[in-house]
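Please read this briefing alongside the sequence and the model.

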Amino acid sequence: MRTMDFPDHDGRASEPNASRRTLDRRTALLQMAAVSGAVGLGAPATAAADLGRGAGMAGYGRPSSFVQIQRRSLDWLTATRESGISFAPIHALKGAITPNGLHFERHHSGVPDVDPATFQLLVHGAVDRPLVFTLGDLMRLPSVTAIHFIECAGNGGLEWRGPQFNAAQFTRGMLSCSEWTGVRLSTLLDAVGVRDDAKWVLAEGGDASRMTRSIPIDKAMDDALICYAQNGEPLRAEQGFPVRLLNPGWEGSTSIKWLRRLEIGDQPGITGKRHPNTRI
Ligand SMILES: Nc1nc2c(c(=O)[nH]1)N[C@H]1C(S)=C(S)[C@@H](COP(=O)(O)O)O[C@H]1N2
Ligand SMILES: [Mo]
């Protein structure tokens, strides 16, 4: 007879507990039924195997072991893994939403592990009241949820010199679509009070290169989002945990991940002002 081992939620094999005893008793009853059925019908005793795994045993569910849908990257595409691309398997996805674990991923200087407990978003520059927001502060503000795609401007670039692959994943997989939840950037800008000379918002990431992009104030006030959730759960580290900027419909590189500083100014580009946590 096949035996089943039920690990505890912390992964260790458990001592028999009440639910296991119950399951064992049910298994035994099913096995007895299967045996008596086999006697009556001449069928193999398979009922115990049909019981499968116990429900609720995995704290976070995973795809069926029969499903092998994967992001893929190309070793030769970038010199080192500190800059890289994982392509979404767009050929294998159904519907409009990309599952979080399969969202394409582009980073230029590593994927940092930002601690949400010490996370701070500084909003300053041409404003009346510079402010620092914690993650809790952002989550207490009115939220919006909307479906948006993100596409890297380099999507399709591998075919600019002609066809290289017969796989859509590599030629077009820098495109994904999620339901994003966060705060409107305009909500933060209203809170700090942008001055009349404000024309641009510089967004700075918390990755090693402190990647920055400038976006015009009109876009910032229109539909730009400061996102902390994706498809109902916190952002994945690859997508900018704990907070990213999202500029709907604009090229992916403007949607700065691991966002930590917004500087309002009259020009685009870096001014030399620093986030207080920056020592270099
Ligand atoms: N801080 C930071 N933000 C970033 C990047 C980065 O390397 N660092 N890459 C950008 C680029 S080029 C793209 S296409 C998108 C990709 O978003 P995704 O990795 O969540 O798919 O993130 C953008 N935001
Ligand atoms: Mo990109």
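The notes below cover a sheet and the salt bridges.

This is a predicted model, in which local features need pLDDT of at least 70 and side-chain atom pairs count only at pLDDT 80 or more, while totals for chains, interfaces and linings use all residues. Residues are numbered from 1 along each chain as its sequence is written, chains are lettered from A and ligands numbered from 1 in the order in which they are written, and side-chain values use heavy atoms, with hydrogens and water left out.

**The sheet**

- An open sheet with mixed pairing is formed by 5 strands in the order 4-3-12-7-8, where strands (E, at least two residues) and helices (H or I, at least four) are DSSP runs numbered from the N terminus, and two strands pair if DSSP finds at least two bridges between them.
- Strand 4 (131-133) and strand 8 (212-216) stand at the edges with a single partner strand each, so one side of each has no neighbour in the sheet.
- On average, neighbouring strands of this sheet are turned by 20° against each other, direction ignored; axes are lines fitted to C-alpha atoms, for helices over the stretch in contact, and angles run from 0 to 180 degrees between N-to-C directions.
- Strand 7 (residues 200-205) pairs with strand 12 (residues 259-265) in the antiparallel sense over 6 bridges, and within this pairing Glu204 stands opposite Arg261 in strand 12.
- Helix 5 (residues 185-192) packs on the sheet and touches strand 3 (121-125), strand 4, strand 7, strand 8 and strand 12, contact meaning heavy atoms within 4.5 Å; the direction of helix 5 makes about 140° with that of strand 4.

**Salt bridges within the sheet**

- The whole structure holds 10 salt bridges, each defined as a side-chain nitrogen of Lys or Arg within 4 Å of a carboxyl oxygen of Asp or Glu.
- Arg261 forms a salt bridge with Glu204, with the closest N and O atoms 3.3 Å apart; because Arg261 lies in strand 12 and Glu204 in strand 7, the pair ties together parts that are 57 residues apart in sequence.
- Arg261 also meets Glu263 in a salt bridge (2.6 Å, N to O), and Glu204, Arg260, Arg261 and Glu263 are linked in a network of salt bridges.
- Arg261 and Glu204 are buried, as is Glu263, where buried means under 20% relative accessible area, exposed over 50% and partly exposed in between (1.4 Å probe, protein chains only).

- The side chains of Arg71 and Glu238 form a salt bridge at 3.2 Å, N to O. Arg71 lies in the loop between helix 2 (47-50) and strand 1 (84-86), and Glu238 in the loop between strand 10 (233-234) and strand 11 (244-246), so the pair ties together parts that are 167 residues apart in sequence.
- Arg71 is partly exposed, with a relative accessible area of 22%, and Glu238 is partly exposed at 25%.
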